Amino acid sequence: MILRSPPKTATWTIHLLTWFVFFSVLNPLSLQPLPVHAAPKIIDYQNNLPRKFNKRRRKSTDYIIIHSTESGLASGLRSLARGGYTNYLVARNGTVYRILHKDYRANHAGRSMWNRRENISDYSIGIELVGYHNNAFTREQYKSLKWLIEVFQKQYKIPDWEVLEHYRVAFGKPNRYVKKAHRGRKKDPGVFNFSRSRAGLTSKDKRNSVLYDPDVQAGRLITDPDIDVARLKETDGEKYAESVAALSENVITARNSAWRIAREEYNSTLTVYRFPNGTVMRGDEIQDWEKIPKGTRLYLNRQEDDSVQAVAAHVPIIKTGFTAFDIAGTSYKRSDTYYIFPKGTIKHGQQIRRWSRIPSGTRVLVKYNKPVPLTKTNRNTARKPETVFLVPKSQVLAAAQVPDVSRLKSGTLMFVKK
Ligand SMILES: [Zn+2]
């Protein structure tokens, strides 16, 4: 049997091949890659570029670089269109904005290097995702991103492993925290957050892994500490999860330095520090970096003056252009984060669906107990400095602003910090 079977198998192979060729001729599509899915909604936003913006073509197109805005849609659109800082932007609902036509060079990668080649903006298309490096992107965003990537891969013959995250190509000069040229200047779109496979980048080539870095391998740069954490994912899942959780809050701890949180922006005017004693400073105002106390919270990407006021306030306020995430960080969706809308309605993080619709002027309380009516008996717990009152007609007061709690109107609600 065994001896007689090889010729039989060979005959069958020839039969199968004949049939395969026959069907392929009959239906030529079957030999081609799967068709690209329906196009997402695309809005041309190029009219918002500055009048004097000088469009110029790229040297070549060899990479696609993925970013996250670290802001909401409104402020992302405003700041990206200001200088043509990306080619495309993908909103949380999947809508694509064309900020600058794909043929032109967008200044999106900054100081960058890949495989010895520098200034990656000269050789790449930039795509921004609205959101944060430490908060999941939406299903709709991955769908639109995948579509864009497939279209550009086809047009420019770009393999999966040359679609790269911004943090992988950016590099920084030596600073007070890292003594050599290094990876880790940028965090977007998130070592622990962005999924290559959900974006359709599923090649089995070893270069298609975020652990692959030709410049670190060659000793030109030193590695990003977050990549060392990413390495744990396969060897020690528990330690990985614990490390990611410890790094996701923007609070200074023994393991989480100002640089580790804000990276290149640690001493920038855009980074706001709120010390445990309530003092607020911008990164460019800080002199003594050795003395930053543990427990200091960082707020990133704070463009306008009033945002400092919003952060410093006893009860932080969402202002136009800022998101719940900007204030509450990764706690924004929790059931112990409360939102007091301008009209006095209260919701917690699990009750909100449309995050882009939160009105300006909404107050945010992070890690608070369920509000209770203020009574004669619970007045004493009201003395804690972090307690907040919602007085009828939607006036919000912090305990420090209320010299005499017994004078508050009946119907006042009290929020006590956990
Ligand atoms: Zn970026």
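## H108 and its surroundings

H108 touches I65, H67, Y85, T86, S121, S124, I125, G126 and H166, not counting residues up to four places away in sequence. Contact here means heavy atoms within 4.5 Å. This is a predicted model: local features need pLDDT of at least 70, side-chain atom pairs count only at pLDDT 80 or more, and totals for chains, interfaces and linings use all residues. Residues are numbered from 1 along each chain as its sequence is written, and side-chain values use heavy atoms, with hydrogens and water left out.

H108 sits in the loop between β4 (96-98) and β5 (113-114). Helices (H or I, at least four residues) and strands (E, at least two) are DSSP runs, numbered from the N terminus. H108 counts as buried because its relative accessibility is 7%. The classes are buried (under 20% relative accessible area), exposed (over 50%) and partly exposed in between, with a 1.4 Å probe and protein chains only. The H108 side chain makes a polar contact with the side chain of H67, at 2.9 Å. Another polar contact, of 3.1 Å, joins the side chains of H108 and S124. A polar contact is a pair of N or O atoms within 3.5 Å; within protein, one must be able to donate a hydrogen and the other to accept it, and residues adjacent in sequence count only if both atoms are side-chain atoms.

## The zinc site

Together, H67 (ND1), H166 (ND1) and D188 (OD) coordinate the zinc ion at 2.1 to 2.2 Å. Along the chain, the donors follow the spacing H-x98-H-x21-D. H67 lies in strand β2 (residues 63-68) and H166 in helix α4 (residues 166-169), so the pair ties together parts that are 99 residues apart in sequence. Both H67 and H166 are buried.

Donors are N, O and S atoms within 2.8 Å of the metal (3.2 Å for Na, K and Ca). Water is not among the atoms, so the site may look incomplete.

Helix α3 (residues 139-156) has 18 residues. From first C-alpha to last, α3 reaches 26 Å, close to the 26 Å expected at 1.5 Å a residue. The expected span is 1.5 Å times one less than the number of residues. Buried residues of α3 include Y142, L145, W147, L148, I149 and F152. Among the elements covering the buried residues of α3 are β1 (42-44), β2, β3 (88-90), β4, β7 (124-129) and β8 (163-165). K157 follows α3 and has a positive phi, near 55°.

In helix α6 (residues 225-235), the buried residues are D226, I227, V229, A230 and L232. Their cover includes α4, α7 (237-248) and α8 (258-262). D224 caps the N-terminal end of α6, with a side-chain oxygen 2.9 Å from the backbone nitrogen of D226.

## The three-stranded sheet

Three strands form an open sheet in the order β10-β9-β11, with antiparallel pairing. β10 (280-282) and β11 (297-299) are at the edges, each with a single partner strand, so one side of each has no neighbour in the sheet. The twist averages 25° from one strand to the next. Axes are lines fitted to C-alpha atoms, for helices over the stretch in contact, and angles run from 0 to 180 degrees between N-to-C directions.

Strand β9 (residues 272-274) is joined to β11 by three bridges. Two strands pair if DSSP finds at least two bridges between them. V272 has Y299 in β11 as its bridge partner. Q309 lies in helix α9 (residues 305-312). Q309 counts as exposed because its relative accessibility is 55%. Q309 and V280 are 29 residues apart in sequence and 8.9 Å apart in space, C-alpha to C-alpha.

## The four-stranded sheet

A second open sheet has the order β15-β18-β16-β17, again with antiparallel pairing. β15 (372-373) and β17 (395-398) stand at its edges, each with a single partner strand, so one side of each lacks a neighbour in the sheet. Two bridges pair β15 with strand β18 (residues 413-415). V372 stands opposite M414 in β18.

Strand β16 (residues 388-391) is covered on both faces. V388 and L390 on one side, and F389 and V391 on the other, are all buried. Four bridges join β16 to β17, and V388 stands opposite A398. The hairpin of β16 and β17 has three residues between the strands, and K393 takes a positive phi there, near 70°. β16 and β18 pair over three bridges, with L413 in β18 as the bridge partner of L390.
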